[in-house]
Amino acid sequence: MITLNVNGRAHQYSDDENMPLLWALRDILNYTGTKYGCGKGLCGACTVHLNGQPVRSCATPVSAVNGQKITTIEGLSNDGDHPVQQAWQKLNVPQCGYCQSGQMMSAAALLAANPTPNDAQIEQAMSGNICRCGTYERIKKAIHLAADLSTKTASVDDLAVDVGSTGKLSIGKQGA
């Protein structure tokens with residue numbers, strides 16, 4: 001018997017121990033926010049956190065995560081108010097949206113390890129997440145905004161966000 005500790009809740013698992021974590025999460029436990037992309041751990045669509053670190057759930061067997069802390073996109077916050085989720089929404093990052101849960105999980109792990117990453121650090125951390133719509137610049141801007149939201153006490157609703165014609169992100173207070 002394997003214990004899958006997902007989003008703070010323990011689940012007993014007794015199926016195939018070699019099953020990829022992705023399928024246990026999606027098909028057995030119904031955490032469908034985690035997406036199937038390549039099935040080889042190359043695209044990042046299936047990214048979840050294992051003890052706070054991003055892992056590819058399609059390439060991680062259930063037997064490797066027994067009793068460890070797993071966080072899916074559903075567990076990033078209780079009400080969608082994680083700074084990464086707020087920034088994604090404020091900047092309308094998703095296009096088709098398919099890869100976005102994996103993108104946000106990688107971004108959240110980056111910001112937990114480095115609260116104020118620069119562009120190069122963001123590009124490095126996010127290089128394993130592929131977006132076929134090409135929203136990489138919006139993702140980078142959203143990570144910067146999420147970093148600002150994480151380090152400042154401002155609410156996303158209090159911020160005026162402008163992406164100028166040069167693509168430079170400008171963040172200020174509403175009405176200032």
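**View 1. Salt bridge between lysine 140 and glutamate 137 in the predicted model.** The side chains of these two residues form a salt bridge, with an N to O distance of 3.5 Å; the term denotes a side-chain nitrogen of Lys or Arg within 4 Å of a carboxyl oxygen of Asp or Glu. Both residues belong to helix H5 and are 3 residues apart, about one turn of the helix. Helices (H or I, at least four residues) are DSSP runs numbered from the N terminus. Glutamate 137 is partly exposed, because its relative accessibility is 47% (buried is under 20% relative accessible area, exposed over 50%, partly exposed in between; 1.4 Å probe, protein chains only).

**View 2. Salt bridge between lysine 140 and glutamate 123.** Here the N to O distance is 2.5 Å. This pair links distant parts of the chain, 17 residues apart: lysine 140 lies in helix H5 (residues 136-151) and glutamate 123 in helix H4 (residues 119-126). Lysine 140 counts as buried because its relative accessibility is 11%, whereas glutamate 123, at 45%, is partly exposed.

**View 3. Network of salt bridges.** Glu123, Glu137 and Lys140 are linked in this network. The structure holds 2 salt bridges. Side chains of opposite charge can pair when their charged atoms come close.

**Notes.** Residues are numbered from 1 along each chain as its sequence is written, and side-chain values use heavy atoms, leaving out hydrogens and water. As the model is predicted, local features need pLDDT of at least 70 and side-chain atom pairs count only at pLDDT 80 or more, while totals for chains, interfaces and linings use all residues.

Note on methods. Helices (H or I, at least four residues) and strands (E, at least two) are DSSP runs, numbered from the N terminus.
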